[in-house]
Amino acid sequence: MRTTKRLHLVLASASPARRKLLRAAGIEPEVLVSGVDESTVDHSTPEALSLTLAQLKARTVTERLGQPSVNGSAPESADRQTLVLGCDSVLAFDGEILGKPVDADEATRRWREMRGRSGVLHTGHCLIDLSSGREVGAVAQTAVHFAAISDEEIAAYVATGEPMQVAGAFTIDGLGGPFVDRVDGDPGTVIGLSLPLLRGLLGELDLRITDLWTATPASSTSK
Ligand SMILES: Nc1nc2c(ncn2[C@@H]2O[C@H](COP(=O)(O)OP(=O)(O)OP(=O)(O)O)[C@@H](O)[C@H]2O)c(=O)[nH]1
């Protein structure tokens with residue numbers, strides 16, 4: 001049965017890219033950074049790692065909101081139904097699971113290996129409905145094909161500092177754009193949040209992504 005309450009999305013992420021994706025899709029999230037120490041989680045597959053970290057981030061913020069955790073049934077709020085979304089992105093490349101490079105040297109080394117080759121960006125998503133305590137989650141994968149860039153291009157890109165801020169040491173919608181030939185799959189998954197996957201998770205909770213629109217698309221695009 002569809003909700004009659006106003007839906008409110010809390011994004012449990014510091015990622016400016018995730019927030020930008022949601023806002024462009026008409027969803028204005030409240031941002032509550034989880035502060036999770038990702039080094040405490042170790043998993044052998046990129047799917048398990050990205051999903052577990054997404055769950056940890058969403059659950060951490062849910063607890064902080066003073067609501068029971070996943071198995072509790074949070075008290076109904078008057079007119080607002082709050083959802084918490086956690087995400088985590090990792091690159092699977094050459095049999096390794098790669099997050100953000102620790103420094104410029106690692107970013108340089110990675111690019112010298114990645115250029116001209118392909119990897120798979122995995123983004124785990126976890127969505128918790130505070131009113132019911134229900135939790136749903138899934139991982140999206142998008143293949144990334146890197147351009148055969150020169151040592152000089154690598155040096156210039158690493159010098160911008162961007163590679164050290166993002167999983168996989170590259171962006172497709174930033175300075176790294178020219179260095180990715182193509183992606184196979186949802187580009188949002190590479191950027192850090194898959195909107196079609198979010199739509200599916202909301203559907204599992206009997207909710208619609210259109211109920212999350214804070215600005216109706218017409219008004220948000222009017223000049
Ligand atoms: N703009 C952009 N950001 C990317 C891209 N690929 C990865 N990222 C970012 O790289 C970061 C991956 O690190 P995560 O640990 O998942 O997220 P975070 O930024 O540390 O933020 P938290 O969710 O609070 O942990 C995210 O901010 C992603 O948005 C890309 O192609 N474009």
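## Basis of the model

Helices (H or I, at least four residues) and strands (E, at least two) are taken here as DSSP runs, numbered from the N terminus. The model is predicted, so that local features need pLDDT of at least 70 and side-chain atom pairs count only at pLDDT 80 or more, while totals for chains, interfaces and linings use all residues. Residues are numbered from 1 along each chain as its sequence is written, and side-chain values use heavy atoms, with hydrogens and water left out.

## Chain architecture

The chain contains 7 helices and 7 strands, and from the N terminus on its elements follow the order β-α-β-α-β-β-α-β-β-α-β-α-α-α. Of its 223 residues, 46% count as buried, where buried means under 20% relative accessible area, exposed over 50%, and partly exposed in between (1.4 Å probe, protein chains only).

## Surroundings of the ligand

The shell around the ligand draws at least two residues from each of α1 (16-24), β3 (80-93) and α5 (187-191), and β3 gives the most, with 3 residues. Among the 19 residues around the ligand, Ser13, Arg18, Lys100, Asp173 and Ile191 come nearest; a residue is near a molecule or strand if one of its heavy atoms lies within 4 Å of it. By class the shell divides into 9 nonpolar, 4 polar and 6 charged residues, with Ala, Val, Leu, Ile, Met, Phe, Trp, Tyr, Cys and Pro counted as nonpolar, Asp, Glu, Lys and Arg as charged, and the others, Gly among them, as polar.

An N or O atom in the side chain of Arg18 is 2.8 Å from an oxygen atom of the ligand, and an N or O atom in the side chain of Lys100 is likewise 2.8 Å from a ligand oxygen atom. From Val190, a backbone N or O atom lies 2.8 Å from a nitrogen atom of the ligand. Taken alone the ligand exposes 620 Å², of which the protein buries 89%; accessible areas come from the Shrake-Rupley method with a 1.4 Å probe, and for residues only the protein chains shown count as cover.

## Two individual residues

Thr142 lies in strand β6 (residues 135-146) and is buried, with a relative accessible area of 0%. A polar atom of the Thr142 side chain lies 2.8 Å from the backbone oxygen of Asp186.

Glu153, placed in helix α4 (residues 151-159), is partly exposed, with a relative accessible area of 34%. Glu153 and Arg19 are 134 residues apart in sequence and, C-alpha to C-alpha, 29 Å apart in space.

How values were computed
A polar contact is a pair of N or O atoms within 3.5 Å; within protein, one must be able to donate a hydrogen and the other to accept it, and residues adjacent in sequence count only if both atoms are side-chain atoms.
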